[in-house]
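Please examine the sequence and the structure below before reading on. The paragraphs that follow treat pairs of packed helices and then a pocket.

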Amino acid sequence: MSESMTEAQVSEIVKKVVNRIVSSDQKSGGTAKEKTTMPEKGYTAVSYQGRRYFGVFETMEEALEAASESYKKIRMMSVEDKEKVISQIRKLILEDAEIMAKIGVEETGMGRVDHKTLKHILVANKTPGTEDLVTTAKTGDHGLTLTETAPFGIIGSITPSTNPSETVLCNSIGMFAAGNAVVFNPHPHATMAANYAVDLVNRASIACGGPANLVCSVAKPTMQTADVMVKSPLVRMLVCTGGPGVVKAMLSSGKKAIGAGAGNPPVIVDDTADIPKAAKDIIDGCTFDNNLPCIAEKEVFVFRNVRDELVYYMLQNGAYQINDAEAEKLVNTVLVKNDKGKLVINKNWVGRDARKILAAIGIEVGEDIRCIVYETAAEHPFVQTELMMPILPVVAVDDIDEAVEKAVQAEHGNRHTAHMHSKNIDNLTKFARAVETTIFVKNAPSYAGIGFGGEGHTTFTIAGPTGEGLTSARSFTRLRRCVMTDSFRII
Ligand code: NAD
């Protein structure tokens, strides 16, 4: 990549690439979901609504081969070259945030376009790049020892349906900043959204003279394509963002793996909290993208002496309260029994609007209703199940010990995320120590924990089980030591 490339030259290249995409789509008809092959070797792409997807391959074997070629090119890129590509990725995400939000909602039927747009903007602005990588030096009588953050090589990444393009984009920036190539096996029900993001990253790379298949994916991901990816000797690291089943499968693969698994974040509200604010924060967090984020508030444990006030202010902030009979109907709608007789979520209701969920049990409400609140006991399946829909069970407790005990139990040892509204430092500390979650948010909506209205970087891969926490470029590196004896010490 030329160092003297101007903005105008970059935008000229982008224009040419876009024209080529459009003209070749026109030649092939450009119909939605049509599959075509680019004339250039290695460019296999699917089209969706008139746009071609770069880096998307028919088979996992082809994707792996392309990633292997790209890795060689990435190894030759300077930090400055990488940052140019990352800046361009950020720019394109900001331009296409709403388009990707719309594709995500349209394809999966889950979430909200306005909130998904914000999630993409967050990824563009707050995902760390190469600045996240820090070399450490140790000097002494025997000279200098450096520890540097090196790439793994090709990373195989499995992404969820709940944040499909957000996860691909966030992973791409971090993994590439660390010098890796990536192959994605996206969720089969969110392929268009995920692969739109794969294409966007590659368009950014092409515009800056980087590899055409900076990140790769498959047009039709399945368990078989995931299996090929996991077993390929080319893949040196696995990163898995999803539910317990897939995380367990990846951690059993025998390869270095990062597991970002399920949560069921509890919220405690004690009687020192600013109750009107707590109610609003909880409803804002719980309803963000219709409760799809794994960090979102899933159940509330509130001191009995402030419960009525909390629920009152929740109702002032777009919540609708249901009674026991209505809750029973809702249980039979949004939960189903699995083959072992256990109640699990009915995926058809994940990420749906509260109004639609209420309509399914015969309750019509206005547009202002965004959350369903139900006062219940800690044993209720709405408390115990990670619903990922805007249904919020509220459990009354007598004191902090009961609150902590019940909240820790409801979190199921995921050690993912927990929230608390309180001004009592002892209570806050007691819960934080007991629950041991990767993220603990105090007196704010859950999304403050991923940098939205809170300090710190963002990620959509929160690795509790394997301990990387909120992943960033440095999570995707291996440490290498370089030793020089007796020299390079200046004191
Ligand atoms: P999911 O577990 O249904 O699917 C995740 C991916 O794994 C998909 O691509 C799926 O096809 C694939 N998959 C499933 N089983 C597999 C196996 N045995 N081998 C290979 N691939 C397999 O998850 P989802 O419904 O898309 O996402 C929701 C879940 O993910 C929730 O539990 C949520 O908490 C969790 N999640 C966690 C984080 C985090 O950062 N910790 C982020 C987002 C979502």
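How are helix 4 and helix 5 oriented to each other, roughly parallel or roughly antiparallel? The model is a predicted one, in which local features need pLDDT of at least 70 and side-chain atom pairs count only at pLDDT 80 or more, while totals for chains, interfaces and linings use all residues. Residues are numbered from 1 along each chain as its sequence is written, and side-chain values use heavy atoms, with hydrogens and water left out.

Two packed helices are described by the angle between their axes and the distance between the axes. Axes are lines fitted to C-alpha atoms, for helices over the stretch in contact, and angles run from 0 to 180 degrees between N-to-C directions. Helices (H or I, at least four residues) and strands (E, at least two) are DSSP runs, numbered from the N terminus.

Helix 4 (residues 113–126) packs against helix 5 (residues 164–177) at an angle of about 0 degrees, and their axes are 10 Å apart. Helix 4 and helix 5 are therefore roughly parallel to each other (angles under 35 degrees count as roughly parallel, over 145 as roughly antiparallel). In their contact (heavy atoms within 4.5 Å), helix 4 supplies Lys116, Lys119, His120 and Val123, and helix 5 supplies residues including Leu169 and Ile173.

Helix 5 also meets helix 3: the two axes come within 11 Å and cross at roughly 175 degrees. Helix 3 and helix 5 are therefore roughly antiparallel to each other. Among the residues in this contact are Lys82, Val85 and Ile86 of helix 3 and Leu169, Ile173 and Phe176 of helix 5. By class, the contact has nine nonpolar, one polar and two charged residues (Ala, Val, Leu, Ile, Met, Phe, Trp, Tyr, Cys and Pro count as nonpolar, Asp, Glu, Lys and Arg as charged, and the others, Gly among them, as polar).

A further pair is helix 2 and helix 7 (residues 223–231), whose axes come within 9 Å and cross at roughly 35 degrees. Met60, Glu61 and Leu64 of helix 2 touch Thr225, Val228 and Met229 of helix 7.

Helix 2 (60–75) and helix 3 (79–108), together with strand 6 (143–151) and strand 23 (477–485), each supply at least two residues of the lining of the second largest pocket. The largest share, four residues, comes from strand 6. The lining divides into nine nonpolar, four polar and five charged residues.

Definitions and conventions. Parallel < 35°, antiparallel > 145°, perpendicular 65-115°, else oblique.
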